[in-house]
Amino acid sequence: MRVAVIGASGHIGTYLIPRLVDGGHDVVAVSRGKREPYTPHGAWQRVTQVTADRDAEDADGTFGRRIVELEADVVIDLISFTETSARDLAAALTGRVRQFLHCGTIWTHGPSSRVPTTEDMPKRPLGEYGKQKAAIEAHLLQRAHRDGFPATIIHPGHITGPGWVPVNPAGNVDPAVFQTLADGGELALPNFGMETVQHVHADDVARLFVDAMANPSASVGESFHSVATSALTLRGYAEAVAGWFGQEARLTFLPWERWRETVSERDAQITLDHISYSPHCSMEKAERLLGHRPRYTPLEAISEAVDWLVRAGTITR
């Protein structure tokens, strides 16, 4: 099949494009053309590259037409962040694709009343990002159930892998947190360090997109989480990372208002987003309907990213 991937050179696309090419698909990679994939792969030599500025083309109403003109059987949208943009693209593709796959986020859920959280639980997102993604999901699923639009939504957790800094044990992306643990230094965590994060390797996300595409009868009109099968407490995460460097974690715990004064405003806001949600989502639906099970545990996924940070000199031993 001919598959167009929008936002192809990012975290997920780095792994998704080679999987699609190796699967025998004719792949069109749509991106701004401003960066290379995080990990090089020969499959990119067999891909049609299309450069597009989505924001500008959304603004002048031409983006949907550009994607239609690619004549893809399947469109995978990894970078839609507003309901208006998603609505416009879905309208343009109506009657023109076999399947449309949208990348959502577990941030469509608010704080959970029961864990592990399943896809059908009420959506109470806290911030604008989650609210927009929840609105996109609601629209696409309504279109699927009412009009037969072939939409599938994949909701990743905290995507990690070699090439970028994963969400750390303090709930933000400051690499100095990893360095502190590697050095055996004292690390302060908010509250009691019992809030959770739920990582997923970017390749597991890519695999779920491929599995959903291979099983449209089971995936169209549905949404699926894409996370590791377990979550980590901040405390347990910190202890594991320290152990990788032969250290015992020296942890202290501060009430939120005191802890936030110890970090930058940006890091405090990122941490607040993560600990406010404290995600722990279920992967049962993807396994039941698609036979999909993540290959990486959260610590296995994170360790690949941390190893890359060591090789890059971001973390020194």
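Predicted model: local features only at pLDDT ≥ 70, side-chain atom pairs only at ≥ 80, totals over all residues.

Visitor: How do the residues lining the largest cavity divide into nonpolar, polar and charged?

Guide: The lining is made up of Ile106, Trp107, His109, Gly110, Ser112, Thr117, Tyr277, Pro279 and Cys281. Gly counts as polar here. Sorted that way, the lining comes to five nonpolar, four polar and no charged.

Visitor: Which peptide bond is cis, and where is its proline?

Guide: Most peptide bonds are trans. The one from Val115 to Pro116 is cis, though, with omega near -5°. Pro116 sits in the loop between strand S5 (99–103) and helix H5 (128–147).

Visitor: Glu71 has a positive phi; is this residue buried or exposed?

Guide: Most residues other than glycine have a negative phi. Glu71 isn't a glycine, yet its phi is about 55°. You'll find Glu71 in the loop between helix H3 (63–68) and strand S4 (74–77). The relative accessible area of Glu71 is 64%, and the cut-off for exposed is over 50%, so Glu71 is exposed.

Visitor: What about Ser278: where is it, and what is its phi?

Guide: Look in the loop between helix H11 (265–277) and helix H12 (284–290), and you'll find Ser278 there. Ser278 isn't a glycine either, but its phi is positive, at about 40°.

Note on methods
Residues numbered from 1 in each chain as written. Heavy atoms only, no water. 1 Å grid on protein atoms, 1.4 Å probe; cavity = no way out; pocket = protein on both sides within 12 Å on 5 of 7 lines; lining within 4 Å. Helix = DSSP H or I, 4+ residues; strand = E, 2+ residues; numbered from the N terminus. Buried < 20%, exposed > 50% of the residue type's maximum accessible area, 1.4 Å probe, protein only.
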